[in-house]
Amino acid sequence: MNAAELIQSVTSRYADRVRSSHDYRGDATIVLQHEALVEVAQFLKEDPALQMNFLMDLTAVDYSTFGKAAKPAFFTSSGVTLKPSSEIPDADPWPGPPGSERYAVVYHFYSMSHKHRLRLVVPVDESVDDLDTLTGLWVGANWLEREVWDMFGITFRGHPDLKRILMYDGFEGHPLRKDYPVNKRQPLIGPQN
Amino acid sequence: MMNESSFLTTRLNDAIGWARKYSIFQYPFVTACCGMEYMATACSHYDVDRFGAGLPRFSPRQADVLFVVGTISHKMAPALKRIYDQMADPKWVVAFGVCTCTGGFYDNYATVMGIDTILPVDVYIPGCPPRPEFVLDGLMKLQDKIQDEHRTGKRPAPELRPDTLEV
Amino acid sequence: MMLNIGPAHPAMHGIIRVVAKLDGEQIEEAETEIGYLHRGFEKMSETVDYNGVMPYTDRLNYVSPIINNMGYCMAVEKLIGISVPERCHYVRVVMSEISRLTDHLTCIGATAMELGAFTVFLYMIKAREYLWELVEKVTGARLTVSYCRVGGVKADLPDDFLEPCQEAFKETRKVIEEAHGLLTRNRIFVDRMEGTGIISAEDAIAYGITGPFLRGSGPDFDVRKDCPYAVYDQIDFDVPVGTTGDNMDRYLVRMEEMEQSMRIVETALRDMPPGPVQVNPETGRPISASEMVDLAKVGDIEAISGGCAVTGPTLEGSGRAHHASIATEEKRAILPPKEDTYGNIEGLMRQFKLVMFGHGLRPPAGEAYHPVEGANGELGFYAISDGSGQPYRVRVRPPCFAIMSALPELLVGGSIADMTPTFGSVNMIGGELDR
């Protein structure tokens with residue numbers, strides 16, 4: 001199935017749960033409400049036309065500083081604008097971040113028999129415990145969700161053992177969040193620099 | 001009297017230094033990419049066995065030199081310190097690779113910016129990863145240092161960086 | 001009895017902790033703890049620009065660095081929407097397969113060493129040295145090469161690449177044959193590897209395992225064949241699969257994959273489109289580029305008029321003649337050849353636009369996921385750009401993360417001694433697992 005057909009097969013069934021969809025650069029992407037996650041994932045896995053038997057990747061993105069990169073002061077204070085822009089133009093632009101929520105949890109699926117891929121984007125807010133775990137459908141989701149919890153602080157309802165995986169137990173904070181400074185160290189031993 | 005310039009004791013110190021420097025039992029604490037260059041140095045092309053340092057001992061109680069090879073993260077640091085503490089005197093530490101010397105380009109929340117904040121280091125071998133010839137050069141400098149300790153009979157105590165906390 | 005194995009343990013694979021609950025020698029329960037080499041790749045990549053991420057990608061799977069470089073570059077090129085010339089694809093494929101060779105050599109060598117076959121390790125590292133010398137000829141470095149650039153590669157293959165490559169492959173084939181003779185029918189090796197670490201295909205897919213680990217259990221999923229990228233669809237090669245999913249099958253799959261990698265490289269070198277093209281005939285007397293810059297700085301225009309810049313040996317393979325075949329046409333993505341940077345004002349402006357603070361490679365806002373076949377499985381890079389010069393998010397989908405999550409299941413039921421060959425065939429690379 002190509003990207004458009006994949007999107008069609010999901011949106012035709014779950015039209016009220018799908019917020020938007022696109023196929024930027026050929027990657028079929030569907031932005032989904034968080035309530036429908038497990039249902040749609042199960043449909044993706046079991047439907048014979050889709051048969052997405054691989055959960056390739058599960059990650060999250062913090063969209064809180066999207067587009068707000070600090071402009072270099074060297075140019076802004078002098079009033080000189082960067083012309084012509086060195087940004088590479090895009091004939092078919094990306095729709096932008098999936099929603100107004102801070103995070104988006106991104107799932108990549110692959111079907112070994114049909115050789116097609118799909119990306120599910122589920123926007124979530126940090127304060128609500130919204131997402132269900134996918135460990136019932138794919139065992140590999142266990143560690144992937146632990147990593148998302150460790151790096152972003154997003155919890156998954158029903159996860160058997162949600163604890164730190166890459167950082168150590170005494171670590172406070174979630175490093176990949178945009179408000180965690182890159183070199184704020186919390187050493188266990190040694191100098192506190 | 002025993003430490004000053006008596007002919008027999010200086011010859012004895014030299015002999016002990018010679019014996020120690022040519023029979024290095026290393027503990028290769030290998031974590032990351034530098035491990036690949038460590039393997040290359042230890043194997044047939046750039047053989048480290050001809051320097052007498054060819055036998056890795058995988059128990060700290062049996063090793064002399066702790067080669068810290070590769071990035072040390074804050075999660076790993078207590079284990080490293082424990083291994084160092086378990087080694088018996090005389091012991092030396094070699095910081096292999098720039099991640100162990102200063103932290104390399106991983107200036108972030110996870111990396112120890114130089115193992116000399118937690119261990120006293122004798123020889124630094126920078127490089128990312130260092131070429132095997134460079135490693136052998138560092139090893140020879142370590143051997144000179146080992147020899148010198150016994151020539152003078154005094155060991156200059158390697159120190160932690162001044163701003164480190166005592167653990 | 002609870003036995004804590006690691007994090008500092010003799011296997012030269014990396015640092016990992018396994019807490020095993022034992023009943024005599026049988027492992028009843030096992031739990032793995034990772035993260036001892038977490039170096040913050042994803043966070044660091046948000047602080048540098050797109051080409052600055054390249055050294056960080058080298059150190060992900062550090063035994064096959066060019067595959068990581070290529071995966072990242074292809075993901076960013078997909079994000080930008082540019083394509084590279086065909087010869088560049090071929091060069092990337094050649095270097096990737098050489099990297100895959102070094103990975104499998106290291107994996108099998110280390111596994112054999114831990115089972116006691118130290119000689120095999122020495123032979124494999126010897127072969128790896130020949131390959132690293134070959135890589136050094138092309139890229140300048142043995143291990144952490146940073147060879148690919150977004151939009152191309154650093155430099156073309158040197159003119160005399162074919163001969164040393166054939167020599168290196170001859171040595172590698174000899175070593176593989178010796179290893180086969182020493183290991184494949186060796187009673188001790190076979191007894192330890194056969195029947196241990198078995199995983200079924202359904203379980204492997206449920207964990208998300210790909211690569212030689214999955215192929216040892218039966219399914220022939222290979223990203224190079226199923227989702228072809230670069231020029232893999234034009235090169236003929238086979239994908240070995242196993243049957244039972246035990247350590248022995250995975251060892252045999254890897255040995256055969258090495259032979260297939262060499263086959264791919266030889267095919268690619270034969271089919272590669274020709275390289276350097278004289279775009280403009282070089283007129284004027286040659287002046288070394290650095291000398292030209294110095295003379296221009298002091299204002300000595302007469303001395304440099306009529307001269308053409310000639311770059312030094314470290315920039316061999318990246319000059320104007322090669323540039324059309326190794327770099328994309330998109331001027332806003334890749335640096336100009338140095339003769340243009342030093343020789344004319346357009347080249348200098350193009351260089352500045354990419355290098356100076358405030359400018360730089362700025363893809364349009366978007367997201368892209370591109371998988372490549374790493375030595376351990378599907379290595380995917382997911383890049384998000386917000387239109388600025390630094391990546392907004394770079395995620396690497398590590399192949400051995402999935403395999404390590406299945407490790408407790410592989411270990412339970414076996415004995416402690418079975419942990420060694422199983423862990424060896426997992427080929428856990430700490431840089432990739434913990435990033």
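Trainee: Okay, which residue stands opposite B:A95 in β4(B)?
Mentor: That's B:V68. Keep in mind that this is a predicted model, where local features need pLDDT of at least 70, side-chain atom pairs count only at pLDDT 80 or more, and totals for chains, interfaces and linings use all residues. Residues are numbered from 1 along each chain as its sequence is written, while chains are lettered from A and ligands numbered from 1 in the order in which they are written.

Trainee: And how do β3 and β4 of chain B pair?
Mentor: In the parallel sense, over five bridges, with β3(B) covering residues 65-69 and β4(B) residues 92-96. Strands here are DSSP runs of E, at least two residues, and helices are runs of H or I, at least four, numbered from the N terminus. Two strands pair if DSSP finds at least two bridges between them.

Trainee: What's the strand order in that sheet?
Mentor: β2-β1-β3-β4-β5 of chain B, an open sheet of five strands with parallel pairing. The edge strands, β2 (55-56) and β5 (123-125) of chain B, each pair on one side only.

Trainee: Which strands does helix α3 of chain B touch?
Mentor: α3(B), residues 77-86, packs on the sheet against β1 (25-30), β3 and β4 of chain B. Its direction makes about 165 degrees with that of β3(B). Angles run from 0 to 180 degrees between N-to-C directions, and axes are lines fitted to C-alpha atoms, for helices over the stretch in contact.

Trainee: Switching to chain C: at what angle do α4 and α11 cross?
Mentor: Roughly 155 degrees, and the axes of α4(C) (residues 86-114) and α11(C) (residues 247-271) come within 9 Å. The two helices are therefore roughly antiparallel to each other, a label for angles over 145 degrees.

Trainee: What kinds of residues make up that contact?
Mentor: The contact of α4(C) with α11(C) has 15 nonpolar, two polar and four charged residues. Ala, Val, Leu, Ile, Met, Phe, Trp, Tyr, Cys and Pro count as nonpolar, Asp, Glu, Lys and Arg as charged, and the others, Gly among them, as polar.

Trainee: How many residues of chain A are in contact with chain C?
Mentor: 40, and they meet 51 residues of chain C. In contact means that the C-beta atoms, placed from the backbone, lie within 7 Å.

Trainee: Which element of chain A gives the most there?
Mentor: β3(A), with six residues on the side that touches chain C.

How values were computed. Angles under 35 degrees count as roughly parallel, over 145 as roughly antiparallel, 65 to 115 as roughly perpendicular and the rest as oblique. Two residues are in contact if their C-beta atoms, placed from the backbone, lie within 7 Å.
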